[in-house]
Amino acid sequence: MLFNNIHDAQKYIADNDIQMVDFKMVDIDGRWRHITIPAARFTEDTLVSGIGFDGSNYGFAPVENSDMVFIPDLATAAFDPFSEVPTLTMSGDAMIIARPENKPFDQYPRNVVKRAVEYMREEGIADEMIIGPEFEFHVFDNVEFECRPECVRCEIDTAEAEWNSGVGGDGYEIAHKGGYHIGTPQDRYYDMRSRMCMLMDDWGVKVKYHHHEVGGPGQLEIEVELGDIVSMADNTMVTKYIIRNTAKEEGCTATFLPKPVYNEAGNGMHVHMLLTKDGKPLFYDENGYAQLSELAHWFMGGLLKHAKSLCAITNPSTNSFKRLVPGFEAPVTIGYATANRSAVIRIPAYAKSPMSKRFELRNPDGTCNPYYAYAAILMAGLDGVKNKIDPSANGWGPYDFNLFDLSDEEKAKIDGLPTTLEEALDALEADHDYLTAGGVFPERLLKIWIARKRKEAASVNRVPHPAEFKQYYDL
């Protein structure tokens, strides 16, 4: 819904018997947190003075300088369908308390992506970055996990999975890697996805389509229409919120974990992208390779040059790199091509019109903080444009053949994505100047991020793995 001012919002509150106004803030990892006030207290002063909160509990502010103010953005307001008490909810920005006036906190995720757009405009490269993520996720009927000194285990289940064919199954289980576009009755979550999409549309997130994905045990996908980068970061949070809560209401559980099922397809979050200036597309050239302009190639060049360090932000979990392995349509090599899902950048052959001409980055996944991830993607591309990085001249393609079919000798000649989170973090430490350009990513934020993620990786690596018992117990 669109409110032009506080009076429009207050009228909606009165007309719809709204009792509470909920403010959703995002922490450093990309989780929503929230604080709620009675609707009667939502006034003009709320939009000006905001709501105070402790930024240190969000992961990106030191305790000694953690007093912050959240300023709601009326443009993000929506009715929350999951609240029993009628509630209007909205996102917004975080401000540092300062004199003579508050200023945006430069490490707050939403402020980072907004600053990236400002930088793009200041450089005169483009006015808008338009993106469209593909949301892949799993829905399970049950999930259990434990990590204790005497027990390390996880167990998932869904009636769709082939492992249930002999345990009270009904004959409609989905074969291994057999879920792509599968119909009902095998597609047991079809109506649930439709309900998710309807709720997304009510919230203002326009859906392109939804379908079952390759993974037999409950892997699903919802793809949305293209939108500007800041709105799409907000809508990414909305989409994940709706998917998780809808699943829970229907007695299931949803996850964006990149690789929740061993030896099955993993969940990516492919990001389609294009730039415009003065309302005109910048990525289209009728005579260019795949009808892409020189500027589009430079943008791809920046993404490919910084692909390894980007992974530390677009794939920031230890589980991310269990997905980025050969054999599951996930990219492992640094290159670009047309209609080739084995390359980290794919140019869709079906996008032919000037305003739809684009490419997609295939390595990101849903464990990323979308504000940081989309901002980092933009900054890498802008670095490619500024430095005229030609992807072909640098040997990154085009790879118009299946990269998975190459011999080991040929594969060794092509650079690959990181294989662990630690490797990606090493790359980010060595290669991050493109992110700090224009003050978009503060150096302090990157240091906090790297330290935080190294701690996460070390914590996971210290835990004995069940596969180790299977492999080594009798040695």
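Q: Two strands pair if DSSP finds at least two bridges between them. Strands (E, at least two residues) and helices (H or I, at least four) are DSSP runs, numbered from the N terminus. With that settled, how many residues lie between β10 and β11 in their hairpin?

A: This is a predicted model, in which local features need pLDDT of at least 70 and side-chain atom pairs count only at pLDDT 80 or more, while totals for chains, interfaces and linings use all residues. Residues are numbered from 1 along each chain as its sequence is written, and side-chain values use heavy atoms, leaving out hydrogens and water. Strand β10 (residues 142-148) pairs antiparallel with β11 (residues 151-157) over seven bridges, and Val143 sits opposite Ile156 in β11. The hairpin has, between its strands, two residues.

Q: Which strands stand at the edges of the four-stranded open sheet?

A: The sheet runs in the order β2-β1-β6-β5, with mixed pairing. Inside it, β1 (residues 20-26) and β6 (residues 87-90) run parallel over four bridges, with Asp22 opposite Thr89 in β6. An edge strand has a single partner, so one of its sides is left without a neighbour in the sheet; that goes for β2 (32-38) and β5 (78-79).

Q: Is α6 roughly parallel or oblique to α9?

A: Axes are lines fitted to C-alpha atoms, for helices over the stretch in contact, and angles run from 0 to 180 degrees between N-to-C directions. The axes of α6 (residues 294-305) and α9 (residues 370-386) come within 6 Å and cross at roughly 120°. Under 35 degrees counts as roughly parallel, over 145 as roughly antiparallel, 65 to 115 as roughly perpendicular, and the rest as oblique. That makes α6, relative to α9, oblique.

Q: How many nonpolar residues are in the contact of α6 with α9?

A: Contact means heavy atoms within 4.5 Å. On the α6 side, the contact residues include Trp298 and Phe299, and on the α9 side they include Ile377 and Leu378. Ala, Val, Leu, Ile, Met, Phe, Trp, Tyr, Cys and Pro count as nonpolar, Asp, Glu, Lys and Arg as charged, and the others, Gly among them, as polar. Three of the contact residues are polar and two charged, and the nonpolar ones number nine.
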